[in-house]
Amino acid sequence: MSVAHSLAHGEFPTLADFGRDPWWLVLVKAVAVFGFLVLTVLVAILAERKVMARMQRRLGPNRLGPGGLLQSLADGVKLALKEGLTPAGVDKPIYLLAPVIAVVPAIMAFAVIPMGPMVSVFGHQTPLQLTDLPVAVLYVLAITSIGVYGIVLAGWASSSTYPLLGGLRSTAQVISYEIAMGLSFATVFLLAATMSTSGIVAGQGGRWYVLVLLPSFVVYAISMVGETNRAPFDLPEAEGELVGGFHTEYSSLKFAMFMLAEYINMATVSALATTLFLGGWQITWPISLIPGANSGWVPLVWFTVKMWCFLFVFIWLRTTLPRLRYDQFMRLGWKVLIPFALAWVMVVGVIVQATRGMAAWTSGLIFGAVGIAATALLVRAVVAVVGAPAAPPADPADPGTPFDPMAGGFPVPPLPGQVLPGARLSSSGTQTKENADA
């Protein structure tokens, strides 16, 4: 069935279908989206612990509830009832506001995610989507960018060195990978000729964009892991360090809000990947031949299954891959993903113009062939960056650059090549205390 025919029969919502719902239906949909996200977080935390345990040949949670099903709920209740400690010296208004800034944009971003077609709710025809905008994808980028302020302000307001460094690392990380993520969206806009999420889903009625825009999908898949601070890109909150990163000074419900924001962001980027590249709530052939497979409430199941496939990959990566070094991480974003995504946008623009007027299957073959070749180049570049050796150790004969750790008012660690007063470099490149009589 063509997209035009589906639009004419109301299977795919359009921008004109939004803004007509009564207030009570808007409230019901908003509460439903919030409940869907909270339930997803509870299940994701339990699933992560269970899947990681299975991959590591452990049992995982198995005490609370049948098979440990109530473990996530118990952890949430425990965090809410614990005493909330506020360290002395913090900037209290910003310290208390930072978790709110982190979690609210994460929830708001899901407002434009299409979860199904037009359905009937108490006699009202309404799309399974809270709202839509002509620039809905840009809205998601903008609103998720606000969330990083919660992390940065949490580190700053804690008045502690290591949370501050974790917040700054997160800033550099999000800026680096949001650029590549935005460029991967540009190719979708070229094919769909719209930035509306419902319009992008409608444009995939004949073929999913992952088949013709495979390099964009790979760039987005890498970027969304870096955007959510998940392993192997969990540098702001490195679980192997002595401190927890930007939220070291947080406890109780405020700490739980940061965890809630992290898992909701995982659900949001997974849902956005489903919307942009995997046909959204649509199921493909041969299941689509079943009557009613892409109508009514059934597509909500397809949407949820696709989203959970991405969530499973998040868990899989955390279990199997070691953490990248910071230089590898930044080089991958700035020297590989961004230049490649920019070049791929230009290639897609040329192909779109060159295949204008051709049959859909002909342009699809051209996109597929060029996309496979480009993806092979991208994978080769990523492997080269990730496998690059670390910088050689410093020359022990070089005394290094003198460094004052208190010059800015806060104690900060030295950079490579800098030495603390009264210290010298050992043969391994580490700093040792000099003999006082020397």
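Biologist: By class, how many residues in the lining of the largest pocket are nonpolar, polar or charged?

Modeller: That lining has 15 nonpolar, three polar and 10 charged residues. Keep in mind that this is a predicted model.

Biologist: How do I picture the pocket itself, and how much space lies in it?

Modeller: Start with the general idea: roll a probe the size of a water molecule over the atoms, and you see where empty space is left. Here, the largest pocket holds about 800 Å³ of space. It is lined by 28 residues, and those closest to its centre are Ile 45, Leu 79, Phe 255, Met 259 and Tyr 263.

Biologist: Which helices each supply at least two residues of that lining?

Modeller: Look at helix H2 (23-55), helix H3 (71-81) and helix H10 (252-277). H10 gives the most, with eight residues.

Biologist: Let's move on to helix packing. At what angle do H9 and H10 pack, and how far apart are their axes?

Modeller: In general, you describe two packed helices by the angle between their axes and the distance between the axes. For H9 and H10, the angle is about 175° and the axes lie 11 Å apart. The cut-off for roughly antiparallel is over 145 degrees, so H9 is roughly antiparallel to H10.

Biologist: And which residues meet there?

Modeller: From H9 you have Ser 216, Phe 217, Tyr 220 and Met 224, and they meet Val 269, Leu 272, Ala 273 and Phe 277 in H10. By class, this contact has seven nonpolar residues, one polar and no charged.

Biologist: What about H9 and H13: at what angle do they pack?

Modeller: Helix H9 (residues 214-227) and helix H13 (residues 360-386) pack at about 30°, with 8 Å between their axes. On the H9 side, the contact is made by Leu 214, Pro 215, Val 218, Val 219 and Ile 222. H13 brings Gly 371, Ala 374, Thr 375, Leu 378 and Val 382. That contact divides into eight nonpolar, two polar and no charged residues.

Biologist: What does Thr 275 touch, not counting residues up to four places away in sequence?

Modeller: On that count, Thr 275 touches Ile 113, Pro 114, Thr 197, Ile 200, Val 201, Gln 204, Gly 280 and Phe 303.

Technical notes. Residues numbered from 1 in each chain as written. Predicted model: local features only at pLDDT ≥ 70, side-chain atom pairs only at ≥ 80, totals over all residues. Heavy atoms only, no water. 1 Å grid on protein atoms, 1.4 Å probe; cavity = no way out; pocket = protein on both sides within 12 Å on 5 of 7 lines; lining within 4 Å. Points joined across faces, edges and corners; volume = space filled by probe spheres on them. Helix = DSSP H or I, 4+ residues; strand = E, 2+ residues; numbered from the N terminus. Nonpolar A, V, L, I, M, F, W, Y, C, P; charged D, E, K, R; others polar. Axes fitted to C-alpha atoms, helices over the stretch in contact; angles between N-to-C directions. Contact = heavy atoms within 4.5 Å. Parallel < 35°, antiparallel > 145°, perpendicular 65-115°, else oblique.
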